[in-house]
Every structure is written in C-alpha cells, then in structure tokens.
Amino acid sequence: MGWKIGIPRALFYYTYFPLWTTFFQALGVEVVVSPLTNKAILDQGTKSVVDETCLPVKVFFGHAATFTNKNVDFLFVPRLISVEKKAYICPKFMGLPDMLSASKIKHPPLIKPVVNKVKSEQDTHFLWDCASPFTGKWLKIKKAWHDAEQEQRNYEQKLIRKYLDITDDRKLNILLLGHDYNLYDHYVNMGLWQKLQDLDCTVFTPAQFSKEERDSQLRKFPKSIFWTYGRNLLGAVYSFMQRPGKKGVIVLSSFGCGIDSFIDNLIIRRLVEQKIPYLNVILDEHTGEGGLVTRLEAFIDIIRWRRDYHQNYVSSYGQYVGCCKGNVGVHGTKCDCTTSSYKR
Amino acid sequence: MGLNVIVPPRPTKDSLSLGVQHSPEFACIPLKICIGNLIEANQLGADTFLMVGGCGPCRFGLYGQLMKEIFQDLGINYHTLIIEPPDTGYWQFVTRVKKVIGPVSWWKIIQGIQLGYKKAVIVDKLEKYVQEIRPREFNKGTADKIFNNALQMIDQTQNLDELEEVFCLTKEKLWHIPQDESKDVLKIGLVGEIYTLLEPFASLEIEKKLGKMGAYVHRSLYLSDWVKEHLLTTRFFKLKGNDYRSYASPFLNHFVGGHGIESIGASVAFAQEGYNGIVQVAPLTCMPEIVAHNIFPQVSDKYGIPVLNIYVDEQTGETGLETRLEAFIELLEAKRKKVDRKITIC
C-alpha cells in the first residue's frame, strides 16, 4: 500500500533532508515536500501565528498550510529538542507540534517523534514513533535508519571545504553565518548567495567546516554553549579566523531570534578584536531588496579597500574611526591630527 | 557570612536606560535591567558580581558570560563569579561554592540559607494577604504602605524569632484595614516569565494596577515556591511546590525552557478553579513565552477564559498599559454579568 508522508520545506528540513527522505523512502513511503517558499506561503504563515514569533517559524506554518487539501496521509513534524549531547536546538522547536495543533491550520495527522539526545544517544523511541504507522518490522526500520544516517554523513562530508580560496586574488572570502533554514531558503534571504557571487565573492557557510574542527575551536570559549546553532556559528567563526586571506563575515539572523541576540553579540566582540569586517543582516517579512543590495555593496567595498589600499582605518564594525577633529581619511589621505584613533 | 554585600538600588528608569545602552538590541529585558543595575552597584563600590549560570535552553544561562564581556569592553572593573549548576557532579559544585564564599563553616552556610528561605516564605505569605486586600480596601494604597514597611523590617532581621515577630505584627496591621467585605471581586491569574512576574518595575507594577482596579490577582510563581523547587530540591530529598506542569497536557506536552509550560499549566489550573481571566506577562522576544502565547488561543477556546498577553520592553509609558488593563477588566465584568461563555476575548 502506498503511504504518503508530507515534510514542510522549512526549519530542520534544510539540515536533515537527506536523512529523512532516505529513511522514509527505504520504508517504502512516498515523500512529498512542499514547494519552494513564495509570497503566498509567507503570507499564510504570518497570518497563522502570533506576531512575536520569528520569521522561520512563520515560514514553517506557511509550508504546513500547503498540505491542507493535499492527498497526504501524515505530516512529519518532529519535536527536535536536542541533536547532540548537552545542547538544545531552540525552545520554539520544542513546542512546534503543539503550536501547530493549536493553530487554525487544518493539517493531516502529525507524526511527532521526540528527538532528545541531551542525556543519551539512544534513538529507539524516536525510530519506533517515526516508523510504526508504516511497518512493524524492527530490522527493516533499523536497516533503513542505518542507510539514512550513511547518506546524511556523505552529504555533510561533501559540504566540507578545507581551504580558503586564496589562489584567485580577485575573489573575497565571505563567511555567511546563519541558521540553516535562513541560509538555504533563497526566498527568505532574498537571494543573498547569488548577490554575493555577482560581487565576486566566495561564500562560506558553517557547514563547510567539519564538526570536529568547529568543536575543537570552540574550546577557546570559556563556557560551553548550549544551543546547537550557536555552537555551529561560534565554532565556524573561530575556524574562519584561523585561515589566511582577506575576509569578511556576514551574519544572517531573523528578527527577534533569541539565540542570535546573544550569539551575534559574542561573535562581534571576537571579530572586532581581530579587525575583521562584519555585517549583520536581520531578516523579517520585509521583501524590498534595494536596502539589502546597498548595504552589501558598501560592505564589500570596505573589504576591497582594506585589501587594495591597506586602509585599516575603515571601521570593521561599530567603532568610530575618525580623529578628534572628526576628519576621516579617505584613500590614504591622513589627518595630521596627532590624536587620531586610526593609528593601528 | 562575613562577605560585604552591596545591594543594588531598586531598578529605576535610569538603570533601564543604562542597561539598554550597553546590551544587545534583541536581548530580553531582564538582562538589560540587570546590566544597568550592576553598573549602578559598581558606582556604589561593588567590585565583584555573582551570577548563576545555566545549561539552557533559556538564554539566562549565558547572562553571566555576556555581562562579563560587556563590562570588560566598558572598562568597568568587576570580578565575575559564575556559579554553574552541578552538571558534572555535586562535589565540583560544592568546591566552586566554597571558593566563592571562602573560609566559612558549613553550619553557618546552612543557617544563612535557612534564614534567607524563611524570609522569602514570609514575604510571599504577606504578599498573598496584600493581594486579597488590595481590591477590597476603602483607602486605596494602605495595604501597600504597610507591606513596604514590613519589607524594610524583614530586610533588617537577623534571626528567625525577629522574623516571626515582624510577620505577626504585619499580619495584625493588615487585618485591621477597613475593607468592603461584600464586594464581588474579579479573580485574575497572572502567569508568565519569572523575572517580569517578580520584579514590579519590569512589569510596570501590573499587579498593583490590577488590584487597584478591583481584581484579586494570583500569580503562578512565587519566589519561595521557586526556591523550594529549584534550589532546595536535590536528588536525595524532593520538595514539591505547586505543580502546574501536569495541567499543561494536552496543550503543551513538553518542557520548552523558561516557564512556558508553567504558564500554560497554570492558566488551565486557574480556569478550572473558576478564575475570570488570565494575564500573561513576558519580556519581548522571550522564546518559551512565545510558544505559550501561540497555544493560549486553544486554552481560551476550551475553557472559555479570556487571555491578555502583555510583552514588556524598554517602553515605560504607563498609560497605554493602563488603558489595556481597564478595557480587559471591563470586558471581564461584562462577560461575568451575561454569563455567556461564547464571548471570547483574546
């Protein structure tokens, strides 16, 4: 019998799609994924939840609403509490199935297994909750999960890049930081990747540094961070700072994201220490691209100047670089004032 | 315990704006107030601040670390002592605490903890009396005056006997306030995030305002309950406070960090006890409370209990809040008169 399972193309889908699609397909279940994010989906999502909710969750609700009249037997909405030891995802992920049931969206029956690896790595309950509607054979489930995990590992391995692109002098290395669902959803981030590539930049993401590298770099931070995405971002920043070449960092965060409000601040402090230019882009329902393009171009220009003219007095982030008279040197013309703050 | 403790002044608008200047934009209001307050304490001569850590998922766990870095950047001289919860074993925790407090005997520590806990219990008991009296008193504000006076006295007490004396005295005083016994007051349950519930400044004294408008307010969280449940409960002996969590199912089936699940559970419990309305108070961008907020419409539908959600932020204008509360109370009155469960306000 052909079962169909729906997966909303939002939030954790962007991190775990190889795992889940392979797993369900191995069980003989057809996987239906909602379409790419568009304006209708975003609007629907915005209408379905309270205003204070962050953008990715709104997008998720929009995607869940696309399954209302579709011929799907189940909707897959796992309660992701933690995917590694001593680290959580986000409080909103923990309440996601409950929030969906409480909303006015009509949806197919939910499959809502609990993923909790805070204390132990055991996944028996999770697997059984996932697969019990489709099959009762434990060996088959175990085999499917094994294959799926293999697939996920291959996928993550493919993403990793060992070196910065310093062979091509024209290209700039930009680390694009953000949660996976903001990075890879090109409607939400307004095609930031394409825009950066048009500006001759090489784009890096946290996933391009191996987990081992990120975790080992994270030891420099005095306290262990208890959010998986926070760990990814901070670890990636530390790793990125180690590599040679001219570089800049762009942080994509969603409006009102509780995790980013703290992690971004910690990242800025580390980048300012190293004098690496930094741009913080905050995403919300706003879809005008003009402002973003201007900011991006200005940011890229700053890095170019610093590289081509060795002008280190261009502010990397948030500090005032003028001298006491308020003169800011342009293209090497220095102020003769002795107390200038751009001596470095 | 031989340590010189400087109690920071009560948070004011100045401390808030000082905190807002130096903390991240989207951080929640408790952090902003804490930072402002600590800077003020530094000006009073404090050189070390003590902060508890945590291990998530709420942001509170990173407060200490972030504060340390912010103070470093500001050039403020502050030693930081962060007490992390015992995640790797009790012995490590004990040694850390010992390092903080220095050479003091354990007997003294236990006595200190006992006195502190008793104080919290007594303040909460008195506060519950005040909450009952506030809507009924003829002369508005009398109970609050007596209560504030009692707080100062409790602060100065040194042992349990003195504490008991203050408690009895204040109770007597409160009982003698002339009250309108026949008045049928509205019952409102106040739920939400712990800091905004317990710190009157953060919530713009919402509790007092509701009381003056003639509503009996009961909070889902009291300090002594929290201390009992979180600090004095160990693996060896358990003290249970009000267990609101069990009420949250089927609306919210899992812990979401902070006090999200307590908010939902408490409102279900209040609804079953026949309260007239629920007011939720939370800091803007508080993640657990947003989850709760999303689930409230369902609770409201099922039990026919109106919910008012209030997010507090840097905004300190009180008129807007007062108007909202007045409107909410008038709607509750109208609903009670009609006894029509179909009117939902949310």
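**Exercise 1. State which residues B:Ile295 touches, leaving aside residues up to four places away in sequence.**

Solution. Two residues are in contact if their C-beta atoms, placed from the backbone, lie within 7 Å. By this rule, B:Ile295 touches A:Asp98, A:Met99 and A:Ala102 in chain A, and B:Phe251, B:Leu252 and B:Ile264 in chain B. The model is predicted: local features need pLDDT of at least 70, side-chain atom pairs count only at pLDDT 80 or more, and totals for chains, interfaces and linings use all residues. Residues are numbered from 1 along each chain as its sequence is written, while chains are lettered from A and ligands numbered from 1 in the order in which they are written.

**Exercise 2. Describe the side of chain A that touches chain B.**

Solution. First, 27 residues of chain A are in contact with 33 residues of chain B. Next, helices (H or I, at least four residues) and strands (E, at least two) are DSSP runs, numbered from the N terminus. The elements giving two or more residues to this side of chain A are α4 (91-94), α5 (96-102) and α12 (258-274). The largest share, seven residues, comes from α12(A).

**Exercise 3. Determine the strand order and pairing of the four-stranded open sheet in chain A.**

Solution. Two strands pair if DSSP finds at least two bridges between them. The order is β8-β7-β9-β10, with parallel pairing. The edge strands, each pairing on one side only, are β8 (201-204) and β10 (278-283) of chain A. Strand β9 (residues 247-254) of chain A pairs with β10(A) over six bridges, and A:Val251 stands opposite A:Asn280 in β10(A). Finally, helix α13 (residues 290-308) of chain A packs on the sheet, touching β7 (172-177), β8, β9 and β10 of chain A. The direction of α13 makes about 165° with that of β10(A); axes are lines fitted to C-alpha atoms, for helices over the stretch in contact, and angles run from 0 to 180 degrees between N-to-C directions.
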